[in-house]
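Try each task yourself before you look at the solution.

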Amino acid sequence: MADITRRLGWRHLRGAPTAHIRHHRGTRLLHDGPGLSFWFRALTAAISEVPVDDRELAMTFHARTSDFQDVAVQATVTYRISDPAVAAARLDFSIDPDSGAWRAAPLEQLGTLLTETAQQHALDVLSRTPLSAALVDGVTAVRERIAQGLAGEPRLPATGIEVVAVRVVALRPEPEVERALRTPAREQIQQEADRATYERRAVAVERERAIAENELASQIELARREEQLVDQRGTNARREAEEHAAADAVRAEAEAARTVRLADAEAARTVRMAEAEATRSVRLAKAEAEGAREVGEARAQAQAAWLRVHGDVDVATLNALTGTRLAENLPRIDSVTISPDVLTGLLTRLGTRE
């Protein structure tokens, strides 16, 4: 849309670089070109603004295949107005001198023309193609047919339109048909997934079996080694017991020999001590006998001397000596108690003697 400014009955138009401006005053063409800027009077000016940039036209339409199945076609046509003068002469691109807006809808007319032309060629190719083939190769076939049809359409150059590119975005059947067509593929995919799952499970089971076999083999090998270890421990224990028994026997023999040697030494020492004791006893006996003999001889000599001495003494002296010896041998009397009976008896005896 052109940018128009009003000043005291005059208008100033400033166009975009992508817009071709045609300014007429009566039958005279005053301005013609893209991106123009000029003053004009609204009462006498006829201005057209033709876009010359590339335009994208999205279209969606339905078609029927050879097997009577409805499909939806989504396409995009890129076009531009290559001859603005022809387009301005064939379509109404005039703008309001006050607002700069188009008085009509020329782009909608171009869109209708392009859409109907493209739809006609698409229907022509799809009507001779079954649904399965259309879904497989229909996008390429429809795009090529639409491009060829638009390139050969005489109305487009006559209107100043040039088609730049054609793209077919999608070609889809009805939802029910699409679901029905997806079912075999989904089932096949599901079967592939199930087969992959089963194979994965089989591989997992095989690996688990291999792991179990390895564990069993490891347990068997471990049991065998434990058995060997037990046997070796028993052999070692027997060998150790035999070595201990041999060591005990050697110690017992050494102890017996030492005991025998000690017993022999003790017996020899006892014999020596007995011999020494016997010798000492004999010597003591001889000494005692010799002493006893000497004592006896001394006593006999003393007794003989005593008898010789007493043989020469008179009887009175001997009695005195006897009384003195008797007195010496009597026990010591500290006090004497005489009862009246004893005293009476003594006096009686004394009186009787007198």
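A salt bridge is a side-chain nitrogen of Lys or Arg within 4 Å of a carboxyl oxygen of Asp or Glu. This is a predicted model, so local features need pLDDT of at least 70, side-chain atom pairs count only at pLDDT 80 or more, and totals for chains, interfaces and linings use all residues. Residues are numbered from 1 along each chain as its sequence is written, and side-chain values use heavy atoms, with hydrogens and water left out.

**Exercise 1. Salt bridges**

Task: How many salt bridges does the structure hold, and which parts of the chain does the pair R11 and D98 tie together?

Solution: 
Step 1. The count for the structure is 19 salt bridges.
Step 2. One of them joins the side chains of R11 and D98, at 2.9 Å from N to O. R11 belongs to strand β2, while D98 sits in the loop between α1 (84-90) and α2 (106-126), so parts that are 87 residues apart in sequence are tied together. Here helices (H or I, at least four residues) and strands (E, at least two) are DSSP runs, numbered from the N terminus.
Step 3. Now check exposure: buried means under 20% relative accessible area, exposed over 50%, and partly exposed in between (1.4 Å probe, protein chains only). R11 is buried, with 12%, whereas D98 is partly exposed, with 38%.

**Exercise 2. Two further pairs**

Task: Where in the chain do the partners R22 and D32 lie, and where do D248 and R251 lie?

Solution: 
Step 1. In the salt bridge of R22 with D32, the closest N and O atoms are 3.1 Å apart. This pair links distant parts of the chain, with R22 in strand β3 (residues 19-25) and D32 in strand β4 (residues 28-34), 10 residues apart.
Step 2. R22 is buried at 13% relative accessible area, and D32 is partly exposed at 40%.
Step 3. D248 and R251 also form a salt bridge, their closest N and O atoms being 1.9 Å apart. Both lie in helix α5 (residues 175-311), 3 residues apart, which is about one turn of the helix.

**Exercise 3. The surroundings of H12**

Task: Is H12 buried or exposed, and which side chain makes a polar contact with the side chain of H12?

Solution: 
Step 1. H12 lies in strand β2 (residues 10-14). With a relative accessible area of 16%, H12 is buried.
Step 2. A polar contact is a pair of N or O atoms within 3.5 Å; within protein, one must be able to donate a hydrogen and the other to accept it, and residues adjacent in sequence count only if both atoms are side-chain atoms. The partner is the side chain of S37, at 3.1 Å.
Step 3. Leaving aside neighbours within four places in sequence, H12 is in contact (heavy atoms within 4.5 Å) with residues including D3, W39 and F40.

**Exercise 4. A sheet**

Task: What is the strand order of the open sheet of 3 strands, and which strands stand at the edges?

Solution: 
Step 1. The order is β7-β8-β9, with antiparallel pairing. Two strands pair if DSSP finds at least two bridges between them.
Step 2. β7 (55-64) and β9 (161-173) stand at the edges with a single partner strand each, so one side of each has no neighbour in the sheet.
Step 3. β7 is joined to strand β8 (residues 70-81) by 10 bridges. Within β8, T78 is the bridge partner of E56.
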